[in-house]
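Welcome! Let us take a short tour of a protein model, with a look at its rings and its pockets.

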Amino acid sequence: MLENNLWYQNSIFYEVHTRAFSDSNQDGIGDLNGLTQKLDYLKSLGVDCIWLLPIYPSPLKDDGYDISDFYNVHPDLGTLEDFKKLVEETHRRGMRIIADLVVNHTSDQCRWFQEAQSNPDSPYHQYYVWNDTPEKYRGARIIFIDSETSNWTWSEKAGKYYWHRFYACQPDLNYDNPAVREELKSIMRFWLDMGIDGFRADAVPYLFEREGTNCENLPETHAFLKELRRLMDAEYPGRILLAEANQWPRDLRAYFGDGDEFHMAFRFPLMPRMFMAIAKGDSTAIVDNLDQSPEIPANCQWCTFLRNHDELTVEMVTSEERQFLWDFYAPEPRMRLNLGIRRRLAPLLNGDIDKIELLYAILFSLPGAPIIYYGDEIGMGDNIWLNDRDGVRTPMQWSAKANGGFSEKLTGNLYLPVIQEGKFGYPQVNVEAQINDPNSLFNRLRRLITVRKSHPAFSRQEIEILYRDQPEIFAVQFSESGGKIICIHNLSSRVQDIVLPDLQCNLLTQSTNQTKYGIDLPAGKISLEPYAYVWLSHCL
């Protein structure tokens with residue numbers, strides 16, 4: 001069943017926040033057993049691979065990305081035995097599962113850092129980056145500009161400054177130390193031996209520091225990442241490494257190496273341009289980004305996405321474009337965070353199901369493996385009044401029952417409040433109601449996934465962009481055995497008339513809001529409704 005080593009190239013990924021998904025023991029916190037109980041739901045959606053956000057012991061100052069023990073499961077979420085059962089049950093259903101691997105830093109509550117601060121002669125002191133002043137590596141940018149003023153923080157216990165690229169509670173590991181490099185390999189082997197199918201590696205550009213540089217994308221970083229890939233290829237063939245590297249395409253390309261570094265990487269710069277395109281009714285931003293994207297090795301793949309557990313980053317756009325996106329999608333200050341927008345997909349589009357379906361169709365027509373963020377398949381809302389990124393990490397809404405069916409706990413608080421009121425509240429937006437509604441977002445998305453997975457051409461990198469002189473349209477053409485696939489999307493609020501290429505085409509699928517009367521394939525003409533799409537196949 002699980003023997004195809006290129007399985008990731010045409011897979012549908014689903015990002016799960018275990019704490020937010022399903023509570024099996026009624027303590028108000030989602031857990032591994034709760035996720036295991038919902039695997040059939042994910043299978044029915046068409047998911048091929050589950051991506052787990054951090055499940056490790058943590059003080060949870062950064063929602064689990066501040067890890068205190070890399071070799072265990074947070075007790076809130078279950079046990080190692082629960083994790084093994086989850087992996088086994090996932091595989092039994094023909095799906096795969098990858099986990100977050102936080103490579104850049106630990107929690108300041110990690111035993112390694114506690115000993116490093118207290119004992120300068122401890123081997124763990126050399127696990128971290130220290131300096132007597134905060135003046136070193138001044139070329140490195142501060143990532144969390146809303147909350148951090150420096151990449152150095154003073155440790156009273158150590159009598160030195162320690163280096164961190166993220167929050168001060170997350171001291172960076174010292175990868176110049178061979179013991180740290182071996183420790184990370186041990187961590188990888190520990191989880192791979194449990195049967196997981198790979199890792200989404202967090203914050204990989206920042207592993208090494210060098211004076212006179214911005215301390216990102218350094219040659220030493222790439223050399224070590226290639227070591228990790230060699231380990232996986234030799235000892236765990238068929239498992240994957242997915243890079244979280246929020247970089248420009250010219251820098252991101254290096255993380256694929258010659259097909260010997262990461263198998264996959266997120267296509268960060270493309271994501272805000274999809275939102276810009278639908279806001280302006282103009283595909284130029286998407287087309288320009290695709291035109292500028294570098295070729296990648298044949299055994300690699302992009303990961304494409306609309307939203308995830310972090311803010312919608314608008315870092316890699318111009319200052320004018322950033323202001324436009326903020327004004328359009330985040331008019332209230334609470335909707336913004338760092339250089340981004342802390343909103344879910346459905347609220348960004350005001351709950352307009354046709355626009356949401358259109359954006360998914362665009363996502364699925366792009367080269368790469370798409371990722372769905374939990375709850376976005378039903379159009380869940382957000383809570384901008386929660387701290388940091390918690391507003392997009394609220395409990396999954398399964399039904400109209402108490403707590404949205406997430407938990408049967410009726411006294412005390414859930415780990416975060418479920419969204420109860422308004423058009424995104426769980427009485428209106430939940431899985432149970434949508435599964436039984438053929439026109440629901442869930443079923444629209446499921447139909448799209450079914451079509452996409454039936455055509456391996458969607459996994460290919462080679463595409464032709466059509467109708468460049470009609471910017472209201474975003475259209476791509478894929479070649480497949482025996483013909484072509486053409487995907488045409490109307491980004492505007494007006495009907496768009498399309499003259500098809502001189503080909504014989506069949507209708508593969510269309511958006512729910514596109515009437516059949518606007519499609520005359522024998523005449524080679526389509527009148528595409530506002531925010532509608534059609535996919536055509538077997539164009540000979």
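Which residue lies over the face of W398? That residue is K38, placed 4.1 Å from the ring centre. In this predicted model, R344 is likewise found over the face of Y374, at 4.6 Å from the ring centre.

**Aromatic pairs**

Searching the whole structure turns up 44 aromatic pairs. Two of them are set out here.

| Pair | Centre to centre | Angle of planes | Type |
|---|---|---|---|
| F113 and Y162 | 5.0 Å | 70° | edge-to-face |
| F190 and W191 | 5.1 Å | 80° | edge-to-face |

F113 belongs to helix α5 (residues 111-118) and Y162 to strand β6 (residues 160-163), so their pairing ties together parts 49 residues apart in sequence. Both F113 and Y162 are buried. In the other pair, F190 is partly exposed, with a relative accessible area of 26%, while W191 is buried, at 1%. F190 and W191 also take part in a cluster linked by ring pairs, whose members include Y56, F70 and W112.

The largest pocket has a volume of about 700 Å³. Its lining has 40 residues, and R141, I143, Y206, N246 and E315 are the closest to the centre. Strands β7 (198-202) and β11 (312-313) each supply at least two residues of this lining. By class, the lining of the largest pocket holds 18 nonpolar, 10 polar and 12 charged residues.

The second largest pocket has a volume of about 420 Å³. Among its 18 lining residues, E295, I296, R460, Q461 and E462 lie nearest the centre. The lining of this second pocket divides into nine nonpolar, five polar and four charged residues.

Key. Residues numbered from 1 in each chain as written. Predicted model: local features only at pLDDT ≥ 70, side-chain atom pairs only at ≥ 80, totals over all residues. Heavy atoms only, no water. 1 Å grid on protein atoms, 1.4 Å probe; cavity = no way out; pocket = protein on both sides within 12 Å on 5 of 7 lines; lining within 4 Å. Points joined across faces, edges and corners; volume = space filled by probe spheres on them. Helix = DSSP H or I, 4+ residues; strand = E, 2+ residues; numbered from the N terminus. Nonpolar A, V, L, I, M, F, W, Y, C, P; charged D, E, K, R; others polar. Phe/Tyr/Trp six-rings, centres within 6.5 Å; stacked < 30°, edge-to-face > 60°. Buried < 20%, exposed > 50% of the residue type's maximum accessible area, 1.4 Å probe, protein only. Lys NZ or Arg CZ within 6 Å of the ring centre and 35° of its normal.
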